[in-house]
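Please look through the structure shown here before reading the report.

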Amino acid sequence: MLKTEMRNERTRHIDQMSTQEMLKIISDENYNAVKAVEDALMPIGQAVDAISAAFANGGRMFYLGAGTSGRLGVLDAAECPPTFGVSAQKVVGLLAGGAAVMEVGQEDFEDSCNAAIDDLQAYNLTKEDIVVGISAAGGAAYVVSGMEFARRIGCVTIGLTSNPDTEVTRAADISIVTDTGAEVIAGSTRMKAGTAQKLVLNMLSTCAMIKSGYVYENLMINLQPSNKKLKKRMIQIVCDIRNVDSVCAEHMLEKADWNIRKAISSNDSQSKD
């Protein structure tokens, strides 16, 4: 039996626990998700290098998943444009069943082999792209078929799962296995396995974007002025980099059409000192 489907002996009688006992044991189990990610840092690093190489060659990254795994991929992809100022086409999240399944789960979509191929073909997948298949159990047909199709084209494939020696790991050039073990509620991989997946996806996209030049020091250098909060953040970034006050920083950004890179390279600044 897959580890993610096993019963967790520590939570066998969770239905008889007090609220605080439930919370404590769930919190304790969540630490296992963090440890599982730490244990997988080597293949995560290999994946980051492969993704940044794909970006350097003009490629895109596709997250491919079903259910919770797919929703997490869509979420991470959606957060890349506002965080790093990249096109929405640079990181794409594909979910079995499409956008409607983000809000209302319909788990039978994960059994469709042809749907993933159709979804990838709709984006004109090329060998320069990279495909990350996400499946906690490691056997979702939607994910596996999409990864196998990507490999036939010549794409590098990355598999993210919580079980070793699965169809996803066999379809992957780089296999990331976060061994989170049995869930608090048997088979409910939206819990520890999902937490580990979210942590890994954060690492993949963030580190690849850093290596691709979308971050300066630890600052979001490619922010877009799409709301008041982000404008304030951009002003603060220019203040930090150029050692100017907020009035001067805002002036520099206005002259640079709210482009941080242009603003910080301008000579139009005055030191706080």
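Predicted model: local features only at pLDDT ≥ 70, side-chain atom pairs only at ≥ 80, totals over all residues.

Five strands make up an open sheet, and their order across it is S2-S1-S3-S4-S5. The pairing between them is parallel. The edges are formed by strand S2 (91-95) and strand S5 (174-177), each of which pairs on one side only. On average, neighbouring strands of this sheet are turned by 15 degrees against each other, direction ignored.

Strand S3 (residues 130-134) and strand S4 (residues 156-161) run parallel and are joined by five bridges. Here valine 132 stands opposite isoleucine 158 in S4.

## The nonpolar cores

In soluble globular proteins, nonpolar side chains tend to be buried together. In this model, the largest nonpolar core has 33 residues. Tyr63, Ile176 and Leu204 touch the most other members of this core. The elements that give two or more residues to it are helix H1 (19-39), helix H2 (41-56), S1, helix H3 (67-84), S3, S4, S5 and H7. Helix H2 gives the most, with seven residues.

A second, separate core holds 22 residues, including Phe62, Ala96, Val131 and Val143.

What does tyrosine 63 touch, not counting residues up to four places away in sequence? Among its contacts are Gly73, Asp76 and Ala77, then Val91, Val92, Gly93 and Leu94. Tyrosine 63 also touches Val132, Ile134, Leu201, Leu204 and Ser205.

## Aromatic rings and lysines

The count of aromatic pairs comes to one. This pair is formed by phenylalanine 62 and tyrosine 123, in an edge-to-face arrangement with 5.5 Å centre to centre and 70 degrees between the planes. The pair links distant parts of the chain, since its two residues are 61 residues apart. Phenylalanine 62 is in strand S1, whereas tyrosine 123 is in the loop between helix H4 (113-122) and S3.

Is each of these two residues buried or exposed? Phenylalanine 62 has a relative accessible area of 0%, so it counts as buried. Tyrosine 123 has 29% relative accessibility and therefore counts as partly exposed.

Two lysines lie over the faces of other aromatic residues. Lysine 90 is over phenylalanine 55, at 4.5 Å from the ring centre. Lysine 231 is over tryptophan 258, at 5.1 Å from the ring centre.

Key
Residues numbered from 1 in each chain as written. Heavy atoms only, no water. Pairing = 2+ DSSP bridges. Helix = DSSP H or I, 4+ residues; strand = E, 2+ residues; numbered from the N terminus. Axes fitted to C-alpha atoms, helices over the stretch in contact; angles between N-to-C directions. Core = buried A, V, L, I, M, F, W, Y, C linked by side-chain atoms within 4.5 Å. Buried < 20%, exposed > 50% of the residue type's maximum accessible area, 1.4 Å probe, protein only. Contact = heavy atoms within 4.5 Å. Phe/Tyr/Trp six-rings, centres within 6.5 Å; stacked < 30°, edge-to-face > 60°. Lys NZ or Arg CZ within 6 Å of the ring centre and 35° of its normal.
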